[in-house]
Amino acid sequence: MRRMGNTRRLRRTFRTVAAGAVCSAALAALTAVPAQAREPGHRAPHWELKDTGATGVRFRGLSAVSRDTAWVAGTGGTVLRTTDGGASWRNVSPPGAGELQFRDVEAFDARRAVALAIGEGEASRVYRTDDGGTTWTESFRNTDTKAFYDCLTFFDRRHGLAMSDPVDGRFRILSTGDGGRSWKVLPSDGMPAALDGEAGFAASGQCLVASGPSDVWLATGGGARARVLHSADRGLTWTVTDTPIPAGDPAKGVFALAFRDRTHGLAVGGDYRPDQTSPQAAAGTFDGGRTWQPAATPPPAYRSGAAWLPHSRTAALAVGPTGTDLTTDGGRTWRTVDTGSYDTVDCAPDLGCWAAGEQGRVARLER
């Protein structure tokens, strides 16, 4: 996204009954914050900052594998990984990437991950590692000066997509069928025409998200209307729908999407400029994105990232530079639960929820 100062996706399944019982208890504790917080000696679920040692880095890319394992990616070509719950972090940045801005990372486990660098022309690149970041392979480098890649997503360990701002009037989609080892540009015949000024926001790695084996959604801003595009065939054909999130300015639109299944989704955004208000900064869909309803009580300010809490049909988090908001009714109403600055959020099936942002900030949700 050209306007943000050079400037998941809950797709995994419930694996065991025991894990579900633990997660359900933790979720109940989180959603009961107001009552429990009044009890003597009780500390409500909260973000606990983890020392990454990367105070000069802004992390907009985040992939939560579990409560123990997470990957973050950001400015200065930086990629970090933890496998001990954030107690320590290993710098696994690709060699020679110091001038790049990583805005998205998708990890399959503690060893395998794919990272996206954004920017004009050849600054947009994709890297893959199979050994925990010890070595990386550059699997894609953009050679079209008109393209600018913003986000990537995966349906499973093999099939994934990446998206670019419009090229010749249409959003461009890259596809991989081998886990990000190789990529091809998909035909644009099935892509609706972009609006004037319309683009994606490389703010949190969540402008392109998938759910299930073939459904994917793309968020836009900058045009006259903030829109969401949907494909049910892994990016070959798309439909498009307007959202109630304000647009009409290069700084406004939908910044992040989160789908808990192929029908229930959330959109958050607003105006990223700190001196501007962001009314109607959230919306929800119950029909796979065919229609969107504004939140009755939206977050109080611009939000750039969102994630459903695992194993819940109604609870989700939204984050931005001014705080974290929680919904317990599927996105109809939101309330602020933390005032720390974060750009992106992601949750793993074991309720390992992580957030990341400016000044090397990375936190894990503690209960």
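This is a predicted model: local features need pLDDT of at least 70, side-chain atom pairs count only at pLDDT 80 or more; totals for chains, interfaces and linings use all residues.
**Exercises on the aromatic rings**

Residues are numbered from 1 along each chain as its sequence is written, and side-chain values use heavy atoms, leaving out hydrogens and water.

**Exercise 1.** Classify the ring pair F201 and F255.

*Solution.* Start with the rule: rings of Phe, Tyr and Trp (its six-membered ring) pair if their centres lie within 6.5 Å, with planes under 30 degrees apart counted as stacked, over 60 as edge-to-face and the rest as tilted. A search of the whole structure turns up 12 aromatic pairs. For F201 and F255 the centres are 3.7 Å apart and the planes at 15°, so this pair is stacked. Next, check burial: F255 is buried too, at a relative accessible area of 0%.

**Exercise 2.** Work out how F255 and Y272 pair up.

*Solution.* Their ring centres lie 6.2 Å apart with planes at 75°, so call the pair edge-to-face. Now look at Y272: its relative accessible area is 23%, making it partly exposed (between the 20% and 50% cut-offs). Finally, zoom out: F201, F255, Y272 and Y302 form one aromatic cluster.

**Exercise 3.** Find the ring under the charged end of R361.

*Solution.* The test wants NZ of Lys or CZ of Arg within 6 Å of the ring centre and within 35 degrees of the ring normal. R361 has its charged end over the ring of Y342, 4.6 Å from the centre.

Definitions and conventions: Buried means under 20% relative accessible area, exposed over 50%, partly exposed in between (1.4 Å probe, protein chains only).
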